[in-house]
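Let's take a walk through this one together. Have a look at the model first, and then we'll go through a loop residue and the ligand site.

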Amino acid sequence: MANCNDSSKQILQIAIPVPLDRLFDYWPPEQHDPQTIKPGMRVTVPFGKSTKTGIVMGIADTGASSVDPKRLKRAERILDSEPLLSAGDLRLLQWASRYYHHPLGEVIATAFPVALRQGKPAVLQREMCYTLTIQGRQTGLEQLKRAPKQQALLELFHNRPDPIPLCELSEHKAALKALLEKGWLREQTRRNTPADATGIRAALLANTEQQYAIDSVVSGLGRFSVSLLQGVTGSGKTEVYMQIIAEALRRGLQVLVLLPEITLTPQLEQHFRQRFSVAIVCFHSKLNDNQRLSAWLNMQQGNAAIMLGTRSALFTPLQQPGLIILDEEHDTSFKQQEGFRFSARDVAIARAKMLNIPVLLGSATPSLESLFNVARRRYQLLPLSARAGNAVEPLFQILDIRNKPLQSGLSEPLVRLIQTTLAQGHQVLLFLNRRGFAPVQICHGCGWVSRCGRCDANMVIHAGERRLRCHHCGSEQALPKHCPACKTGELQPLGLGTERIEQTLTELFPGQHIIRLDRDTTQRKGSLETYLEQINSGQADIILGTQMLAKGHHFPDVTLVAILDIDSGLFSVDFHAAEKLAQMIVQVAGRAGRADKRGRVVLQTRQPQHPMLTTLIEKGYQAFADIALHERKQAGLPPYSHQALFRVHATDAQAPQEFLQAVCLLIQKLNHDRIQVLGPVSAPMARRAGQFRFQLLLQSPQRKELHHLLDSLLPKLVKLKQARNIRWSLDVDPADLY
Ligand code: ADP
Ligand code: ZN
Ligand code: ZN
């Protein structure tokens, strides 16, 4: 019989980032005392023909292994002297792996920055910081008016009480050198302790609702709770976050702040840096591997007090966890759409529960799930009903464009409104969620259309580059000059994209500064920032863009917002569409008239009586949400039920359906009566990038039952012979059905 304490007989149970839902047993590395190995340490192991970096989940007696000890391989090297993930972190990841039915090794990999996944050492590089000398502090900005770059840098230092690390100064290299030579700045190594929580800019005097929200979250510090801060754009949510964070910092706690979009982080970061003098780190995909490693380690070791990040920042280990804030909680970017398809919002709540800390969700347009949870008294609602300061609510107007002449999608009344607004010296914002020149090219002679050869989709005209491009698979080709089918017919653009509207606007409003913001115009690094700067400094007259505009950016001089085409969103096959459209309308509207100028929001539609639109506009988002929730209830849809979606694709047209039919048979045998099985049906886009796509939706009013079924079903799927020629994925709580 094996002796449990005999360390020479102990094996390591290791999670490895491979798509297999199990742990792998290894002997500890040679000459490594197993007693010093703890769960949460990284380890390199031979795996197949390669070496992989895994994480130790447990140390067990050989008897615990199902593998013959003689056949067990030896781990190569333990990479860490202390665990990188705590027992609590591991528990959360195990929970997430079970909940999303995704292999633990891959789930754990998500928790690490790339450098650690690759096995790089978990050490903080000593990073150089810069700070003002006394001389620099006394130097006025006007002394540098001939050197605007140096002036800007000096101003940055004047506005920031804390040393600034080199990584934040990468765009100021030359100016930095110059100021160092002048003796106005000096170099020092990073200060490694969180400083006091007070910054240079004091908190605003909170209004009654803000104060209520602040008090209620602050009084709940140290306990699990979920609060939903619901306030229109400009109602002062950021101020509420900051005052709550200030209190958490005073208690020595760390705060994790999650945002849906990278582009929103600089703005919030700036607010935070002006308010707090603690170490603040950012974590998102625009940062390089070293920056992310250092941000992660600084939170893990307790050097930094605030982390501002996107979805992937959620799993960062915290030394003194205090609070998690999710801003724009309704945004589906919080749901990962490939691989480990977790919802950062839902996992944040699970994490907070395990850590016994509060979560604060914020939005002007909360998700129906969150409003449902408020109604069920699981979340506390903290309303901010008015705009902070002087700003007033925008005025909504439906523009019925049936039978109206349109000039590239712009109706005459809209053109007149744009003219008046520009004449008043205000800015105009136009929203169209379709980039490119036109969504399709058509032959006037024979009706040929520019279909993608690999997708059930059209190739979009990009006139500037003279190309046709598929937005689903990336295929592209030169814009044909002659119809590929009849060779003679005239080719015409059909429909509207932002590029085309930009052209029309240039013709209609000569001399006006027009800025187009979409994925095509903002690809270059720094271009979005430049455009935002031009908008905020008042240089831009007309701003035209896609959903990029709907998110968080504040344009105080915009007084007219027009949504050019909402009709396409009214008739989607996906039940989530109405919710998303309503959120989009309210969010875009929120960009208007933030300062003392009243904004006007115009919706062009051929469905002026559509109940969703009229409710939203006449009664507001909450009324819309109440009705939408009622409809979901009647239809038994989430949040009144729970879903899991199998997506399958294959190069063979039949294979996906055959696989899903086999899955259905298995489900029948497992005999879970309260599970609805919908499908298999072909995906809304039946072919994409040459792959045929099918899906199967499982739905149950009881989450537990659905998960029990998945638990017993999934291990059987790998064994299906129909699984050989297809690829499948499972999406628990899908955010869309595409
Ligand atoms: P949100 O995050 O809800 O969009 P912000 O927090 O950015 O709103 O606030 C919008 C504007 O109102 C900001 O300029 C902010 O400084 C101002 N503001 C917020 N709270 C107050 C307050 N209590 N008193 C005066 N101004 C406020
Ligand atoms: Zn033709
Ligand atoms: Zn395609």
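**A glutamine and a ligand shell**

Gln 336 touches Arg 311, Arg 341 and Phe 342, leaving aside residues up to four places away in sequence (contact means heavy atoms within 4.5 Å). This is a predicted model, in which local features need pLDDT of at least 70 and side-chain atom pairs count only at pLDDT 80 or more, while totals for chains, interfaces and linings use all residues. Residues are numbered from 1 along each chain as its sequence is written, chains are lettered from A and ligands numbered from 1 in the order in which they are written, and side-chain values use heavy atoms, with hydrogens and water left out.

Where does Gln 336 sit? Look in the loop between strand S13 (321-327) and helix H11 (344-355); helices (H or I, at least four residues) and strands (E, at least two) are DSSP runs, numbered from the N terminus. Gln 336 counts as buried because its relative accessible area is 14%, and buried means under 20% (1.4 Å probe, protein chains only). Its side chain also reaches the backbone oxygen of Phe 340 at 3.3 Å.

Now over to ligand 1. Helix H8 (residues 237-250) gives the largest share of the shell around ligand 1, three residues.

Definitions and conventions
Buried means under 20% relative accessible area, exposed over 50%, partly exposed in between (1.4 Å probe, protein chains only). A polar contact is a pair of N or O atoms within 3.5 Å; within protein, one must be able to donate a hydrogen and the other to accept it, and residues adjacent in sequence count only if both atoms are side-chain atoms.
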